[in-house]
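Could you walk me through reading a new structure? I'd like to learn about cores and salt bridges.

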Amino acid sequence: MDEQPSPAQVARAAMAAVQTGHRDAWLALFAADTRVEDPVGHLPPIAGRAALAQFWDGAISALASVSFDVTREWETGEEAMLLATVTIATAAGASASYDGAFNYVIDGDGKIASLRAFWDLPAVGAALAG
């Protein structure tokens, strides 16, 4: 029997897939009925992998680059919380760097059942707008 990756390993794999632009690898990490709030409180939650694919196609793919510098992480049971500094750049050359807290809940199949990302969308938007 194969041992499943830890919640922090799954979270880091998701971040790595975003950094390298691997859409299908990223989507494969999520449960079919996943729920994603990114960022919490600023956008409506995303429910299901099909909606998550639309989120990638509309938001993530619009960025020229994304990098995550994880500064702390905690794990307990099926959850991981990662603190990271995120740096993004657009194709037009605008960039922003911000701190975020990313809470991942992993289901019994080792898939991401829930992702809640806490960061300041208005501040990042203002930084990108210059």
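Here is a short chat about the core and the salt bridges.

Q: What should I know before starting?
A: This is a predicted model, where local features need pLDDT of at least 70, side-chain atom pairs count only at pLDDT 80 or more, and totals for chains, interfaces and linings use all residues. Residues are numbered from 1 along each chain as its sequence is written, and side-chain values use heavy atoms, leaving out hydrogens and water.

Q: Which residues touch the most other members of the largest nonpolar core?
A: In soluble globular proteins, nonpolar side chains tend to be buried together. A nonpolar core is a set of buried Ala, Val, Leu, Ile, Met, Phe, Trp, Tyr and Cys residues joined through side-chain atoms within 4.5 Å; buried means under 20% relative accessible area, exposed over 50%, partly exposed in between (1.4 Å probe, protein chains only). Here the largest one has 35 residues, and Trp26, Phe30, Leu52, Phe102, Tyr104 and Ile112 touch the most other members.

Q: How many salt bridges does a search of the whole structure find?
A: Side chains of opposite charge can pair when their charged atoms come close. The cut-off is a side-chain nitrogen of Lys or Arg within 4 Å of a carboxyl oxygen of Asp or Glu. The search turns up five. One of them joins arginine 12 and glutamate 73, at 2.7 Å from N to O.

Q: Is glutamate 37 buried or exposed?
A: Glutamate 37 is buried, at 14% relative accessible area. Arginine 116 forms a salt bridge with glutamate 37, with the closest N and O atoms 3.0 Å apart. Arginine 35 also bridges to glutamate 37, at 3.9 Å.
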